[in-house]
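Good morning, colleagues. Today I shall speak about salt bridges, and I ask you to look at the sequence and the model first.

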Amino acid sequence: MALTGLQVRFAEKGDLKQAKEILRKSFTGSYRYWSELLLGRLDTLVAIMDERVVGVAEIYIKDTKTHGKIGVISFIAVDPGYRGRGIGKNLVAEAEKIFREHGCRYSAASTRQDNMASIRMFTKMGYALYRRGEKEFKELEGPLYAYEDDIILVKKLE
């Protein structure tokens with residue numbers, strides 16, 4: 001999944017301004033508010049290409065009653081000019097690697113059912129999809145803070 005010229009790493013202080021701009025381009029409403037508020041407060045991964053930040057993922061680890069230790073991709077966004085190149089997949093793969101290193105049994109994310117690009121990316125990467133009302137959604141809605149979302153995506157980490 002390595003993309004020529006792409007580096008994914010933890011964000012440094014100097015990366016946050018560019019990361020925030022990507023979040024502003026990618027989200028509206030409460031999603032924009034929370035993604036910006038949590039930037040640098042959650043563990044933040046950035047994708048660097050052409051000597052600039054082109055993607056960002058905010059992640060955290062949570063202990064749950066039903067799934068044990070779970071890694072959560074809270075927000076993920078790629079600069080509109082760089083979408084469709086696998087940058088999001090590389091951010092997710094790096095997050096999964098970090099989650100495994102910290103003993104997580106699962107990786108998870110949540111989104112709205114109209115976010116087809118995100119749903120396609122996660123399902124192609126082996127994530128199972130659960131809709132609001134399903135058992136798994138009910139179990140993970142709280143730990144993922146997925147109160148405004150109607151889709152939860154979960155992958156068992158090997």
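**Salt bridges in the predicted model**

E141 is buried, at 17% relative accessibility; here buried means under 20% relative accessible area, exposed over 50%, and partly exposed in between, with a 1.4 Å probe and protein chains only. Its partner R132 is partly exposed at 39%, and the two side chains meet in a salt bridge at 2.9 Å, N to O. By salt bridge I mean a side-chain nitrogen of Lys or Arg within 4 Å of a carboxyl oxygen of Asp or Glu.

A word on conventions. The model is predicted, so local features need pLDDT of at least 70 and side-chain atom pairs count only at pLDDT 80 or more, while totals for chains, interfaces and linings use all residues. Residues are numbered from 1 along each chain as its sequence is written, and side-chain values use heavy atoms, with hydrogens and water left out.

How many salt bridges does a search of the whole structure find? The search returns 11. One of them joins E36 and R24 at 2.6 Å, N to O. E36 lies in helix α2 (residues 29-38) and R24 in helix α1 (residues 16-26), so this pair ties together parts 12 residues apart in sequence. Helices (H or I, at least four residues) and strands (E, at least two) are DSSP runs, numbered from the N terminus. E36 is buried at 19%, whereas R24 is partly exposed at 36%.

Next, D79 and K25 meet at 3.1 Å, N to O. D79 sits in the loop between β4 (68-78) and α3 (87-101) and K25 in helix α1, so the pair ties together parts 54 residues apart in sequence. D79 is buried at 5%; K25 is partly exposed at 43%.

Finally, salt bridges link R9, E12 and D15 in a network.
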